[in-house]
Amino acid sequence: MRLLLIRHAHSESNASGVLSGRIPNVHLSDKGVKQAKELSTRLGAFPIAQIRSSPMERCAETIAPWLEEFVLKANPQLKVVTDPGINEVDYGQWTGKKLTLLALKKEWRVVQKTPSKMVFPEGESLLDVQRRAKKSLLKSVEKSKGGVVLLVSHGDVIKTIVADALNMELDKFQKI
């Protein structure tokens, strides 16, 4: 079994320095559209057992050029599974705030140094993110029957998956 973890391309929120979290209708920036096309070329054609994507639009937009160019022609019945288990972190009250302002909060140091202790105000904990992402990953692996699984998600979610796979403490996931 092979697993490909893809973080969405550059988004409008990335361009404006905002923590978008689960805000709907956050699309790729012009830079992100270019990155998505380049990703398609880099991935090229290969057999795929399963594609799972976060429900956020920027994830679907990231993988769309590759699907159109390489996947759907060869395997038109393959569908992208929208998977809430690999959705963006629920940043709660931090959602929609400028990163430069969030970096001034004492909780920002918790996110950077001891993320296992972070629960976003009116949001979720990073430990919960790791648990739900791992559960989705294991379900994907089981359904793929040994084939290639591609997950399109978000930076923090992917880092929690990688940290778990490496048997690394969540508090070290910022090093990934």
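Tyr91, Trp94, Trp108 and Phe120 come together in one aromatic cluster. The model is predicted, so local features are reported only at pLDDT of at least 70 and side-chain atom pairs only at pLDDT 80 or more, while totals for chains, interfaces and linings use all residues. Residues are numbered from 1 along each chain as its sequence is written, and side-chain values use heavy atoms, with hydrogens and water left out.

The structure contains four aromatic pairs. Rings of Phe, Tyr and Trp (its six-membered ring) count as a pair if their centres lie within 6.5 Å; planes under 30 degrees apart are called stacked, those over 60 edge-to-face, and the rest tilted. Tyrosine 91 and phenylalanine 120 form an edge-to-face pair, with 4.9 Å from centre to centre and 85 degrees between the planes. This pair links distant parts of the chain, 29 residues apart: tyrosine 91 belongs to the loop between strand E3 (80-82) and helix H4 (99-102), and phenylalanine 120 to the loop between helix H5 (106-113) and helix H6 (126-144). Helices (H or I, at least four residues) and strands (E, at least two) are DSSP runs, numbered from the N terminus. Tyrosine 91 is buried, at 4% relative accessible area, and phenylalanine 120 is buried at 2%. Here buried means under 20% relative accessible area, exposed over 50%, and partly exposed in between (1.4 Å probe, protein chains only).

The whole structure has eight salt bridges, each defined as a side-chain nitrogen of Lys or Arg within 4 Å of a carboxyl oxygen of Asp or Glu. In one of them, glutamate 124 meets arginine 22 at 3.3 Å, N to O. The two residues are 102 apart and link distant parts of the chain, with glutamate 124 in the loop between H5 and H6 and arginine 22 in the loop between H1 and H2. Glutamate 124 counts as buried at 13% relative accessibility, whereas arginine 22 is partly exposed at 32%.

Another salt bridge joins arginine 131 and aspartate 128 at 2.6 Å, N to O. These two residues are separated by about one helical turn, because they stand three residues apart in helix H6. Arginine 131 is exposed, with a relative accessible area of 52%, and aspartate 128 is partly exposed at 37%. Salt bridges with shared partners also join Arg22, Glu124 and Arg132 into one network.
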